[in-house]
Amino acid sequence: MLSTIPLLLAIRGSRPLTGDGTRPAEGAEGQAPARSMLTELREGWSEFRSHTWLWVIVAQFGVVLMAWYGAFSVLGPVVAREHLGGPAAWGAITAADAFGLIAGGIAALRFTPRRPMLFVVVTGGAIAISPLSLAMVLPLPAICLASFGLGVFIEMMMVQWTVTMARNIPPDKLARVSSYDVLGSVMAMPAGALIAGPLGAAIGVSSTQYAAAAVIVVASALALIPREIRTFRTSDAPVQAASEDVAALEAA
């Protein structure tokens with residue numbers, strides 16, 4: 001995989017098509033030269049870090065998903081095997097979560113929070129319910145209900161996050177910013193998986209899951225510190241798009 005890095009760095013962006021469907025010749029008047037991959041990445045990073053609500057929430061979810069992945073996906077099957085009835089119980093829990101995601105997608109068609117970033121952060125904190133329900137060894141129906149409800153809110157949160165990014169990030173930089181979003185959110189998940197097993201063996205499965213829930217809550221509470229996240233409103237999101245529409249009308 002490392003051997004492909006020089007090849008990726010050598011990639012140059014293609015020029016846009018002209019009106020007749022052809023690409024402009026090299027050095028054509030008014031045409032900017034093709035940019036390197038590193039230049040594209042730097043521009044995406046500059047856009048990414050210029051939005052406080054964006055990088056703060058990505059940092060939050062980097063910690064949240066690390067703690068959740070180890071406590072739920074790694075240690076969850078252990079709890080199911082020892083206390084809830086084995087593989088069938090774990091299958092019911094994960095199925096409830098999947099049904100919740102489906103229901104959340106349907107609910108997102110009608111639900112629009114007034115403060116979407118606050119909703120995203122609070123939903124991230126609610127993910128602590130997953131390891132908590134397992135640490136407390138609640139009855140299987142209660143754990144399934146918690147997984148279903150959490151799935152609903154997570155899917156609704158993902159819709160709000162995606163829409164907000166699309167409305168507030170310039171279209172020509174959205175793909176690069178989204179890449180930094182995904183990278184920052186999931187890059188620590190393998191560490192959570194590696195830590196969960198040894199930590200569970202050292203201090204106990206329940207204690208590890210309680211600790212993971214605490215980490216999730218603390219990370220989410222810290223994400224609420226920036227005022228921009230607490231005050232960002234849905235009505236603020238289309239401002240950029242609206243200004244671009246006005247500029248286009250004036251140009252016409």
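Which residues lie nearest the centre of the largest pocket? In this predicted model, local features require pLDDT of at least 70 and side-chain atom pairs pLDDT 80 or more, whereas totals for chains, interfaces and linings use all residues. Residues are numbered from 1 along each chain as its sequence is written, and side-chain values use heavy atoms, with hydrogens and water left out.

Phe61, Leu65, Ile154, Met157 and Met158 lie nearest the centre of the largest pocket, which has 22 lining residues. A pocket is an open set of points on a 1 Å grid over the protein atoms alone, where a 1.4 Å probe fits, with protein on both sides within 12 Å along at least five of seven lines; lining residues have an atom within 4 Å of a point. The space in this pocket is about 470 Å³, a volume being that filled by probe spheres set on the points, which are joined across faces, edges and corners. Seven lining residues, the largest share, come from α8 (helices are DSSP runs of H or I, at least four residues, numbered from the N terminus).

Among the aromatic pairs (ring centres of Phe, Tyr and Trp, the last by its six-membered ring, within 6.5 Å; planes under 30 degrees apart stacked, over 60 edge-to-face, the rest tilted), Trp45 and Phe48 are stacked, at 5.4 Å centre to centre and 25° between the planes. Trp45 and Phe48 are three residues apart in helix α2 and therefore separated by about one helical turn. Trp45 is partly exposed, with a relative accessible area of 41%, while Phe48 is buried at 5% (buried is under 20%, exposed over 50%, partly exposed in between; 1.4 Å probe, protein chains only).

Notes: Helices (H or I, at least four residues) and strands (E, at least two) are DSSP runs, numbered from the N terminus.
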